[in-house]
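Please look through the sequence and the three-dimensional model shown here before reading on. The report is meant for a reader who is meeting such a model for the first time.

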Amino acid sequence: MSWISGLTALTPDKPWFTYLAFGATHAPHHVPQPYLDEVRGAFDHGYDEQRERTFARQKELGIVPADAELTAPNAQIPLWDELGDDDRLVGTRLFEAYAAMARHTDDHVGRLLDSLDEQGILDDTLVFYILGDNGASAEAGAYGTFNEMAYQNNVLMTTEDITPHLDEIGGPKAFNHIPAGWAHALNTPYQWSKIVASHWGGTRTGMVVRYPGRIPAGEQRDHFTHVIDVVPTILEYAGLPQPDQVNGIPQRPIEGVSFKYALDDDTAEDRHRTQYFEIAGNRGIYHDGWTAVTQHLLPWPDPNDRIPPLDQDDWELYGPDDWTQAHDLAAEMPEKLRELQDRFLIEGAKYNVLPIDDRQRERFDATIANRPDLMGARTSLTLRPGMTRLNENTVLNVKNRSFTVTGFVTLPEGEPARGAIVAQGGSFGGWSFYFHDGRASYAHNFVGMETATVRSDEPIDAGEHVVEVRFDYDGGGAGRGGDITISSDGERVGGGRIERTVPALFSFDEGLDVGFDSLDPVVEDYGTPAVRSPDPSIAW
């Protein structure tokens, strides 16, 4: 708001553009407490009834056709009535945080539009409000999660895991995410969810466009439109050509199609006639109203899920009149299905979708995924005090392998040393090499569910020392354990065992810090996986 206000004050005749991308409602679902209080109890009826209520409201508003059918419940998700009382309580609390966060976001979008109105420029501003970036996410599985980083490491949490943290949901100590059943309700009336890019439940979302005097208010358009069409539409309204180069760098042609034609005339024929979709092997193709789709793998971890080879996937076919993809015509129209499957291959080759890589967590590890790595073939890295917030791809990878960390430290006189030497990740997954009551310590936080700690047998004296922690990995797969050895000045001073380790990702946003931990709060026992030193210099 301040940025736009400054532009309009200093350069009132100059057009401006802003792309405002909220974190909402991506996990974690965080929101001020008053918003949580407002929705408490509003969803106790459960996700199955919520689908029915949402579908009825969609028909009432004309968002879905009058003859559209609500797709069947997902057989992979337990019915609301099949859940236990604790499951329902936890799942509802998780969803309340989602709903509160969505309301909070809408309120702030309203503040932004009000500020434009106060400046007298709202009606001269073309606004696109995209209500999400894909289908709602079912990644947390049937019971939700208190820590999305658990899901990112292929670990599902249970109701029993989450219940002790019930009152922390939605707050700064949580990385909470909703159960799959609530995600399915949010994707009403479709099948599936985010990651399942084959079906509309994993791709289709609402969009509101506002431009008084140029776009009719209160009308609906049903033309097929994709997110890649937004930029061409903005350019057409602005009367600007698509750029051949930017700052001297040649540009690839924009692949989208402006939908200004559809906003101008609701009877116009579709111009975006074909579109492919693919995520992790879940894939689909749209062409002139027809869709052919295949759900290759689940959007949540399931050790019992059998993922077939890509060429053995079962494909489904839906006709132009089947707005919700409710009736599979594949068995009745095999030739039409084959035609669309071939079209997917053509589009996939044209837009570099092929070859399809259906691996998931393995792709976080550049070595396993066989992809470019910023560290290249390096086996050592020297870090210094003050280096902070280093993302995982900018430092050596210590997951699923043996490693050694060596710290050159000066410990204080008169008080036991405490504080981090190096910390990576934090409360939701990570590790730290640090001092606690003068003892050199290593802690490994397994996705927020358990923290294993190994310390030196005795405090280490004041003065200059070279302290080291060595982790000897068991091998045999990802996320296994290993033996810890702690040394000071070349002498073993402690050791122990870590049974489980984070296999794929410590954190999206908590990087590696040297000499302190930049994000986690200070705690009294200094036994957490990463701790902040009151004076970072004492660790060096």
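## How the model is read

This is a predicted model, in which local features need pLDDT of at least 70 and side-chain atom pairs count only at pLDDT 80 or more, while totals for chains, interfaces and linings use all residues. Residues are numbered from 1 along each chain as its sequence is written, and side-chain values use heavy atoms, with hydrogens and water left out.

## The whole protein

The protein has 11 helices and 17 strands, where helices (H or I, at least four residues) and strands (E, at least two) are DSSP runs numbered from the N terminus. Its radius of gyration is 27 Å, close to the 24 Å that the globule rule gives for 540 residues, so the protein is as compact as a globular protein of that length. The radius is taken over C-alpha atoms, and the globule rule is 2.2 Å times the number of residues to the power 0.38. Along the principal axes, the C-alpha trace spans about 80 × 60 × 50 Å.

Of the 540 residues, 46% count as buried; buried means under 20% relative accessible area, exposed means over 50%, and partly exposed lies in between (1.4 Å probe, protein chains only). The accessible surface comes to about 27400 Å², and 50% of this belongs to carbon and sulfur atoms, with areas taken from the Shrake-Rupley method with a 1.4 Å probe, and for residues only the protein chains shown counting as cover. Among contacts (heavy atoms within 4.5 Å) with a separation of 6 or more, residues 24 or more positions apart account for 65%.

## Salt bridges

Side chains of opposite charge can pair when their charged atoms come close. A salt bridge is counted when a side-chain nitrogen of Lys or Arg is within 4 Å of a carboxyl oxygen of Asp or Glu, and by this rule the count comes to 23. One of them joins Arg103 and Glu38, whose closest N and O atoms are 2.9 Å apart. This pair links distant parts of the chain, since Arg103 lies in helix α4 (residues 85–118) and Glu38 in helix α2 (residues 33–39), 65 residues apart. Arg103 counts as partly exposed because its relative accessibility is 38%, and Glu38 is also placed in the partly exposed class because its value is 49%.

Arg57 and Glu60 form another salt bridge, with the closest N and O atoms 2.7 Å apart, and both residues lie in helix α3 (residues 47–61), three residues apart, which is about one turn of the helix. Arg57 is partly exposed at 43% relative accessibility, whereas Glu60 is exposed at 61%. In helix α4, Glu96 and Arg93 are likewise three residues apart, about one turn of the helix, and their side chains meet in a salt bridge of 4.0 Å, N to O. Glu96 is buried because its relative accessible area is 2%, and Arg93 is buried with 19%. Both belong to a network of salt bridges that links Arg40, Arg93, Glu96 and Asp167.

## Two buried histidines

His45 has its place in the loop between α2 and α3 and is buried, with a relative accessible area of 16%. Leaving aside residues up to four places away in sequence, His45 touches Gln50, Arg53 and Trp80. Its side chain also makes a polar contact of 3.3 Å with the side chain of Arg53; a polar contact is a pair of N or O atoms within 3.5 Å, and within protein one must be able to donate a hydrogen and the other to accept it, while residues adjacent in sequence count only if both atoms are side-chain atoms.

His287 lies in strand β6 (residues 282–287) and counts as buried because its relative accessibility is 10%. Not counting residues up to four places away in sequence, His287 touches Arg273, Thr274, Leu340 and Arg343. A polar contact of 3.4 Å joins the side chains of His287 and Asp288. The C-alpha atoms of His287 and Phe224, which are 63 residues apart along the chain, are separated by 9.7 Å.

## A nonpolar surface patch

Ile130, Met207, Val227 and Ile228 make a nonpolar surface patch of about 300 Å². Patches are made of residues with over 30% relative accessible area and no salt bridge, with like charges joined within 9 Å and nonpolar side chains (Val, Leu, Ile, Met, Phe, Trp, Tyr) within 5 Å. Val227 lies in the loop between β2 (207–210) and α8 (230–238), and Val227 counts as exposed because its relative accessibility is 55%.
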